[in-house]
Every structure is written in structure tokens, then in C-alpha cells.
Amino acid sequence: MKPELSWLDDPQTFRVNQLPAHSDHRFYQSEADLATGQSRFTQSLDGTWQFKFAKQPSERPIGFYAPDYDRSGFDTITVPEHIEIAGYGRLKYINTTYPWEGKIYRRPAYALGKDQKGEGMFSDGEDNYVGAYLRTFTLNSELQNKRVVIQFDGVEQAMYLWLNGQFVGYAEDSFSQSEFDLTPYLKDGENLIAVEVFKRSTAAFIEDQDMFRFSGIFRSVRLVGEPKSHVQDMRIIGNLADNMTTGDFSLKLKLNRQANAKGNVKIGITDADGESLFNTTQAVNDDIEINHQMFPNVHLWQHTDPYLYQLKVTVQDEQGKVIEIVPYKFGFRRVEMKNKIMLLNGKRIILNGVNRHEWDAKSGRVISLDDMKQDIKTFKENHINAVRTCHYPDRIEWYYLCDQAGIYMMAENNLESHGTWQKMGAVEPSYNVPGSLPEWREAVVDRARSNYEVFKNHTAILFWSLGNESYAGDDIAAMNAFYKEHDDTRLVHYEGVCRNRAYEDQISDMESMMYDPPKEIEKYLTNDPKKPFVDCEFMHDMGNSLGGMSSYNDLIDKYPMYQGGFIWDFIDQAIETKDEVTGQTVLRYGGDFDDRHSDYEFSGDGLMFADRTPKPALQEVKYYYGKHIN
């Protein structure tokens, strides 16, 4: 297949040769590897890559991926890293509008008519930075003679991939993992991998989040070798029977088998003390299921006691040799709606939540495991029991940490199209996407599918969120339908139906509003409401803010259908830099980089400064959130 630059302009082309999304489980070669947590099936490609920056597509190095291309003039860049943080292009923060507004006229393809296809909009875009990345690798011995897949955890915003000069595939969706099968293109010895990253594509219209607009390979990259019988996907359900004490466990495994490989699959469950509770052995097959295995008197998972059981799947070959071990910790808990109240384990859920962008003051959205652990510690110290992954999927490790810490998750898709329906503060959806446009539907349903498939086994996720501030139409209703078809163990959230009430019965299990005053919420709650109420964003913490939190807190005791919310937001988006005049290290916000439009201080509304120093407002949060802990 020949790669086409026109894919950047076409909302219907968003993945080419990309492997289907699947569960995020880790797998190991042996018990010894499992004990160390280091899998010999993986080979990191993080580190130094060759790099060439181009200000626009017409200036990019054509054919740079060919093995005989002269790359003597290339620079180097670190992976993972934002291109802008590395010193190329320009730092730009923006809230609701699009970065090109007032400079370049753009309307989403098909939004103003079937004939408006947007040819050349981004493929010829003079503001569309391009980064050409290259590096060589030789397969580790453990990966040789196996199917080899490459995993990109995050590339912003559109990427083309080659191996040894051969085109492999294309992907968008900046914050979801993209995988490609490299096996047909590998050779013995040294291999050359090349990635071409474009700052903008049609995805730019649906990735209009309130954030710095970066580009590049900003999360880790690795090679993964799959054994001849490999657990490709798993679905774990740790539910509860009606008595709320009996665990109802189900498991579905999908295996990839090379040449119809045979053997056995051992499945075991132990409690947190290592005591064995369940064991079974089945013949290797494409699909293996355990349905409704009951466990009496299980230890329930909840915020105050996030108890996890250990599942272990062991794959053996025909001779009984272990070839793969898949561990996964899960909890037993039940999420449901009863009498228009959301319940966890039969008790009303109260959300002491925050919205959390991924952020590090030095590296932007390239965050470390230490950053994440520090955030969990801050949550615990300040009675924060819930997080909304605004407004995209986070690093995979964050979901495991929330399982372990008992943090209730609202897991949001990578979707926001704010600038297509709200202009100068007015609701004006004349060219809204995805809206009800069939040409945009599969792109956003695919984002729902990726979010579900990757994270479906995480006990901490109580709610799926369809995205943020994208109005409402048939396409978002189709996303809701996808979740309802695939997962009856969680509830679905979307705030945007408040802008288009025609869809309120098709989208969202809860009434969700942003910054609604307590008096308006009380009016809703006293008027025979259809759904429970959640503040998906409230207590906007800009400057010396967060006053009046008690007015919201009082509603919790007064109205059972008011179930709390998520403060906007957890951490400032600011970049640490050296002041040119004083030479001191300072934090700079939107507007400090000559970036227009920036919405200025809107990047500084966190409970913490960007360097994770708490603001005084966090004391208020700790006090009021401490009144309702569940």
C-alpha cells in the first residue's frame, strides 16, 4: 500500500493497517520475569532518535525513510518528548477556539455540505509542522522468531510508519495506543524504523481540548514479541450478586495461535494473601471462557478499602513448558442505577473528584511514574476519591495506580470539538463535528472502542465518558450505544446534551453540568428530575479561587440525587523556563510565549502549581471533601 498525504484531510481515514485495540494486560516469559516485573517479551525504543523538523508539509524531507537516504543533516531528539519542548516550532496554549482562527480559514470536511471535502486543508497547511523520526534497532534474542508488534503509547497528532523502507501504517487519535505488525518487514541484523509525525490532521477538529497544543512522539515506544500461543485480549468481570456479598466472576480470553499451536491454559485466582480460591486448566483454543463463577463472601473493592484479587493466566506448550504468564489484579464491585441514584456496592456514590490533565512543568504531557505516584499521594492526603481523565485517555500506568488506590475513575475518550459549536461564548453549531455527519461517525466511535478495549478490565473505572464539550448529535449517540452494547457493568457520562436536549434520552446516564450555581442545581433536583446530577466541572480554581465550596457540599446531604463532582482542575498547565531578565527559573503560562489566541490565565486553574506545589485552595478541598468519604 502506498501512503497518501491526503489522509490528513479525510475524517474517514484515521487508521491504516493499525491492529485492533485490546486489553492492556502485561505478559511475561517466566515466573522469574514476573517476579522482577521486567518482561523479556518487550524491547524499548525510547531514547535518542534522528530527527528533522519541517515548518510545513512541502518542506519535509521526502523519502527520508529509505535506507540509502542521506541523513547527515538530521538533528537528534529524545523519545518521548514534545517537538516544541525540544525547541522546534512554537509553544502555544489555547482553550476553546482553534489555533489557526483569525489566520487561516478552515471548516471541517463535510460540515458545510457533501461537496466540501477539505482537500489540501492540512496536507498543504502552512502551519502543519512535520517531524521526521528515525532510529535503528536489532531485535533482542527473546523477540527473534516471534510475531513482533510495535506499540506507540502516544503520538500527536497523525503518524505514518515505515520499516526498512516499507510502508507499515498510519494512525491518528493522539492519546490512544497504536499498534502495528512489523513481522513481514523485519530482517536479520539491523532494522531501520521511520516515523513521520504531522502536527495537524482532521483529528485537530476533535482534539480541541483546553491545553498546550504539542506534537510529536510524547509517550513510550516499544517492540513486543508474541509467543506461539499468546493471550491477545482478555475481559475480566468482577461483579457482585444481588446479595452484595457473593462475587460473580467471568473471564473471556482471545488467543493468537501460530500454526494452530496446542497446549494448555491454566487459570488461577488468589486473594491478597496469596490463598488459592480457584483453579482450572483448559486446552489452548482461540477463545476460552469462564462464565459466572461464584465466590462467597468476597472482600469488596471501594475507595476506603481497595481490595484486589490476583488473576494469573499461564499458557503452556504441548510439552507443558510455560511460554506466557499474564497477571492481572481485579476487584469485586457493582456499579448500578437504582431509583435514579448511582450506587457502588449498593451504597450511594459521592464523588469528591478532580479533573486531571497529565502534566509536568519541565516536560509538558510527558509525565513520569513518579509524577503519577505523587498525584495519588496528593489525592489521598486531601480526600480526593475520584478523577476524570480530562479529556483523553491517560498513560496506561495511571489506571493501575487508581485500581490500587481506590480512585473512582471517569474514563474519558479523546474527544473535544469546542470550537465548532461555541463561538465567542455563543452556542452556534452550524459546522459542528462530529454532530450527525456520517463521514465523522466511525472516527469517534473508534475512539470509544479504543478507550473501552484497552481499559475495560480496570476495577477503578465506574464511568465511561464520551468526551468533552462537543455538542450532541447522532455520532455521539452512536458512541453511547457502543458502550451500552459492550459493557453493562458501568454507567456512561456526557455533559453536552445540556446544549441539545433532543438527545438527552440517548446519551448519558446522569445529568452533568459545568459550573452550574448551587441554586440552579437545587432547582433541577426539586423538579422531579430524570437523572442524578453530577458536576463534571465545578469550583473553577483560577487565581485565589474556590470560595463557596460549602454551598455545593450542602447539597450532598440534602439531595440523594446530587452525587458530587469534579473540580476544574487538579494541576496548572505551565512550563518551567529561565527568565531572560533575572535568570531565575519561573513558571510561564498561556500568553507568556507570544501565543495567540491563548485565553491567557486559563492554563493556570489547578489546585497545584505546575511544579506540584499545593495552592492554598487545596486546604479548602481537604476540609470539605473530608466531610463525605466513601
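Predicted model: local features only at pLDDT ≥ 70, side-chain atom pairs only at ≥ 80, totals over all residues.
The secondary structure of the chain comprises 8 helices and 39 strands. The C-alpha trace extends over about 70 × 65 × 55 Å along the principal axes. Of the 630 residues, 62% count as buried. Contacts across the sequence were also examined: among those between residues at least 6 apart in sequence, 74% join residues at least 24 apart.

Two packed helices are described by the angle between their axes and the distance between the axes. In the pair formed by helix α4 (residues 438-455) and helix α5 (residues 474-486), the axes are 9 Å apart and the packing angle is about 30°. Angles under 35 degrees count as roughly parallel, and α4 and α5 are therefore roughly parallel to each other. The crossing of α4 with α5 is right-handed. On the α4 side, the contact is made by W440, R441, V444, V445, A448, R449, N451 and Y452. The α5 side contributes D474, D475, A478, M479, F482, Y483 and H486. By class, this contact has 9 nonpolar, 2 polar and 4 charged residues. An α-helix has 3.6 residues a turn, so residues three or four places apart point the same way.

The second pair consists of helix α7 (residues 549-558) and helix α8 (residues 617-625), whose axes come within 11 Å and cross at roughly 20°. This angle also falls under the 35 degrees cut-off, and α7 and α8 are therefore roughly parallel to each other. The helices α7 and α8 cross in a right-handed sense. Residues M549, S550 and N553 of α7 make the contact with E620, V621, Y624 and Y625 of α8. The residues in contact between α7 and α8 divide into 4 nonpolar, 2 polar and 1 charged.

Helix α3 (residues 396-405) is mostly covered, with 8 of its 10 residues buried. The buried positions in α3 are I396, W398, Y399, Y400, L401, C402, D403 and A405. After α3 comes G406, which has a positive phi near 75°.

Among the strands, β20 (residues 287-295) contains I288. The relative accessible area of I288 is 3%, and the residue is buried. With neighbours within four places in sequence left aside, the contacts of I288 are L251, K252, L253, V265, I267, Q282 and A283. V195 and I288 are separated by 93 residues in sequence and by 37 Å in space, C-alpha to C-alpha.

Two cis peptide bonds are described here. One joins E156 and Q157, with omega of about 15°. Q157 is located in the loop between β8 (155-156) and β9 (158-163). Another cis bond runs from V433 to P434, and its omega is near 5°. P434 is placed in the loop between β32 (426-427) and α4, the helix that packs with α5.

Positive phi values occur in Y515 and R612, which are residues other than glycine. For Y515, phi is near 60°. This residue, Y515, is in the loop between β35 (511-514) and α6 (518-525). The relative accessible area of Y515 is 32%, which makes the residue partly exposed. For R612, phi is near 70°. The loop that holds R612 lies between β39 (585-588) and α8, the helix that crosses α7. R612 has a relative accessibility of 13% and counts as buried, the cut-off for burial being under 20%.

Note on methods: Residues numbered from 1 in each chain as written. Heavy atoms only, no water. Buried < 20%, exposed > 50% of the residue type's maximum accessible area, 1.4 Å probe, protein only. Helix = DSSP H or I, 4+ residues; strand = E, 2+ residues; numbered from the N terminus. Axes fitted to C-alpha atoms, helices over the stretch in contact; angles between N-to-C directions. Parallel < 35°, antiparallel > 145°, perpendicular 65-115°, else oblique. Left-handed = near helix turned anticlockwise from the far one by under 90°. Contact = heavy atoms within 4.5 Å. Nonpolar A, V, L, I, M, F, W, Y, C, P; charged D, E, K, R; others polar.
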